[in-house]
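Dear colleague,

Please find the structure below, followed by an account of what was found in it.

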Amino acid sequence: MTDLSLYRNIGIFAHVDAGKTTTTERILKLTGKIHKIGEVHDGAATTDFMVQEQERGITIQSAATTCFWKNHRFNIIDTPGHVDFTIEVYRSLKVLDGGIGVFCGSGGVEPQSETNWRYANDSKVSRLIYVNKLDRLGADFFRVIKQVEDVLGATPVVMTLPIGREDQFSGVIDLLTRKAWIWDDSGDPMKYQITDIPADMADEAEKWREKLIDQVADQYDDVMEKYLEGEEPDVETIKRCIRKGTINMDFFPTFCGSSFKNKGVQLVLDGVVDYLPNPTEVKPQPETDIEGNPTGEFAAVDPERPLRALVFKIMDDRFGALNFIRIYSGRLKKGDTLLNTYTGKTERVGRMVEMHADDRSEIETAQAGDIVALIGLKNVQTGHTLCDPNKPATLEPMVFPDPVISVAVTPKDKGSNEKMGIALGKMVAEDPSFHVSTDEESGETILKGMGELHLDIKVDILKRTHGVEVTVGKPQVAYRETITRRIEDEYTHKKQSGGSGQYAKINYAIEPGEPGSGFAFESAVTGGNVPREYWPAVEKGFKSMLDQGTLAGYPCLDFKVTLLDGGFHAVDSSSIAFEIAAKAAFRQSIPKAAPQLIEPIMKVDVFTPSDNVGDVIGDLNRRRGMIKSQDPGVTGVRVKADVPLSEMFGYIGDLRTMTSGRGQFSMEFSHYLPCPKNVADEVIKEALERKKAK
């Protein structure tokens, strides 16, 4: 029986390029998991094992690995920072107990850091903060602390202070023990000495230490009372207070260092052991029924309870599909039979492995708290629950965002159609934010994703991993349609053709809903003119038409249908008749309700050197952007704006030209807004031409 108090399931997440993967490499080196450090810029990092990751120097999919530090077992997931792969962060946070938020010492709290922080708040994941890259030009630890407070609305508790700035950065002061850790310039993380605090920093260290105790002492009343009476708590008591507050997410212990220069990472590892929760200290996962409604039961982390495991990631490799699972309760053995509550089918565990990036070691058993991969499961997808067939239950499922961009692809070699179909099937299973559909009229295969980079990578994987060369059409925006006026209308469906006929009459109102409200239906029928058993058929009829907007064929959003009255025939009426009536009513009435095309608006965050701010803002304005804010920093200016997605294709090339290659940007979907008339006319015209051509 493994002692769960020695487990830490943690994720490392941050904005792109803040140093997550480099930090993971240092952790693996310090814990003895690897002996040679691989660098991201050389394409040699352990957890960046995809060819596409090595070439681009970014993390694309989360990688899991296990290592040990001070008798504690760490299951670590290194997640991507790029906004197109946010889904990887979200699903990793879903199964973790704690996390390390990495921030760049010069970049500070960047846009993707905010998104990931928000996800971590939603998933209620306790975190440490690690301010990295303090050896870089413009790095300022205290500015980042202020940004964490102002931008994230979080409370950092400073645990270590940097010694020296930028290229003079040589070590850190541990405020709890009042000791300085100084590393030499050899780059070896083990070559350090622990000394007294430098004399010129003694006063500042005491000031920050006092602030630390002030922030944490109120976690326990007895500690607070003694502290107010002038008795300073000892180090173990302070640690106890920090641990309680961190697990409750009252504050976030904050460390500093430079992973690339191997300085400061040991203290972060100690922080994981001392302050982040073990699996039993985290709120248990709620169990739901198959519809997703809470049952009031919880999957408490306990090996003695019935098995509950969540599939949070699927990865295809040369041995077949790897299903990554987090076991919440119970035990699992090789050869066990599990129930998938989503499909209602049983699955047999063929092989079970512990992962280290893309290497694996076979294991025979696993238990509550473990993160392992199963091989040999047949019909399992991300978000499915695997459980004890005799005591079934479903864990809270994952919710994934809809794609905002699509491209059409056709294989260059006509004989590759089947090969492409199989490859895309595997890729969809791996990535729930990647959708594939077939245009019924043209027969083209449509790939949908979260951004240009996302789809770029998918096309690259098709080519290299699966050997399918494809021709890619130009990107298409996920436009939507809505209505702007309330109308009341009626429709009668009558059909007589020998024997019993079909009859359904409905009177209804269609009105615009709040943005983001989706489709709503209610019945206001009184007196039984439309019997209650036919109401769901009317709703189903309208619902089935949502994907067929009347302007340009885009899906319809944000409106409400109210069934007001109607009529039925004792013999000829049926659910089918009312469903057909509702479908025809949709086609008849939506054009009368002043339909309007709406387009996806992206939250864009651009970093530019100060000299190019004017050019960047002018360019965003030309792209119909609304400038929200400009925040000057040490090394440049961050411009935030809302810009229509249709205007952002190829933006990275233009930005690099304007800023001589120094500009960066990220964007994520924000909301839908009505298209200007000239844009809407163009989109509708294109849609009609496509229809005609088919």
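**Helices 12 and 13**

Helix 12 crosses helix 13 in a right-handed sense. Please note that the model is a predicted one. The axes of helix 12 (residues 535-544) and helix 13 (residues 575-589) come within 7 Å, and the crossing angle is roughly 40 degrees. On the helix 12 side, the contact involves Ala-537, Val-538, Lys-540, Gly-541, Phe-542 and Ser-544. Their partners in helix 13 are Ser-575, Phe-578, Glu-579, Ala-582, Lys-583, Ala-585 and Phe-586. Sorted by class, this contact has seven nonpolar, three polar and three charged residues.

**Helices 14 and 15**

Helix 14 (residues 613-622) and helix 15 (residues 651-658) have axes that come within 10 Å and cross at roughly 150 degrees. That angle is over 145 degrees, so helix 14 is roughly antiparallel to helix 15. This crossing, too, is right-handed. Asp-615, Val-616, Asp-619 and Leu-620 of helix 14 make the contact with Tyr-651, Leu-655 and Met-658 of helix 15. Five of these residues are nonpolar, none is polar and two are charged.

The buried residues of helix 15 are Tyr-651, Leu-655 and Met-658. They lie on the same side of helix 15, because they cover an arc of only 65 degrees around its axis. As a general point, an α-helix has 3.6 residues a turn, so residues three or four places apart point the same way. The buried residues of helix 15 pack against helix 14 and also against strand 35 (595-608) and strand 38 (664-674). Just beyond the end of helix 15, Ser-660 adopts a positive phi of about 55 degrees.

**Helices 6 and 8**

Helix 6 (residues 202-216) packs against helix 8 at an angle of about 55 degrees, with the axes 9 Å apart. The two are therefore oblique to each other, and their crossing is left-handed. Arg-209, Leu-212, Ile-213 and Val-216 of helix 6 meet Val-235, Ile-238, Cys-241 and Ile-242 of helix 8. The contact divides into seven nonpolar residues, no polar residues and one charged residue.

Helix 8 (residues 235-247) also holds Thr-246. With a relative accessible area of 0%, Thr-246 is buried. Leaving aside residues up to four places away in sequence, Thr-246 touches Ser-126, Arg-127, Phe-251, Pro-253, Tyr-275 and Leu-276.

**Cys-104**

Cys-104 belongs to strand 4 (residues 98-104). Its relative accessibility is 4%, and Cys-104 therefore counts as buried. Cys-104 and Tyr-130 are 26 residues apart along the chain, and their C-alpha atoms are separated by 8.7 Å.

**The chain as a whole**

The chain has 16 helices and 38 strands. Of its 694 residues, 54% are buried. Where contacts join residues at least 6 apart in sequence, 71% of them link residues at least 24 apart.

With kind regards

How values were computed: Residues numbered from 1 in each chain as written. Predicted model: local features only at pLDDT ≥ 70, side-chain atom pairs only at ≥ 80, totals over all residues. Heavy atoms only, no water. Axes fitted to C-alpha atoms, helices over the stretch in contact; angles between N-to-C directions. Helix = DSSP H or I, 4+ residues; strand = E, 2+ residues; numbered from the N terminus. Parallel < 35°, antiparallel > 145°, perpendicular 65-115°, else oblique. Left-handed = near helix turned anticlockwise from the far one by under 90°. Contact = heavy atoms within 4.5 Å. Nonpolar A, V, L, I, M, F, W, Y, C, P; charged D, E, K, R; others polar. Buried < 20%, exposed > 50% of the residue type's maximum accessible area, 1.4 Å probe, protein only. Arc of directions from axis to C-beta.
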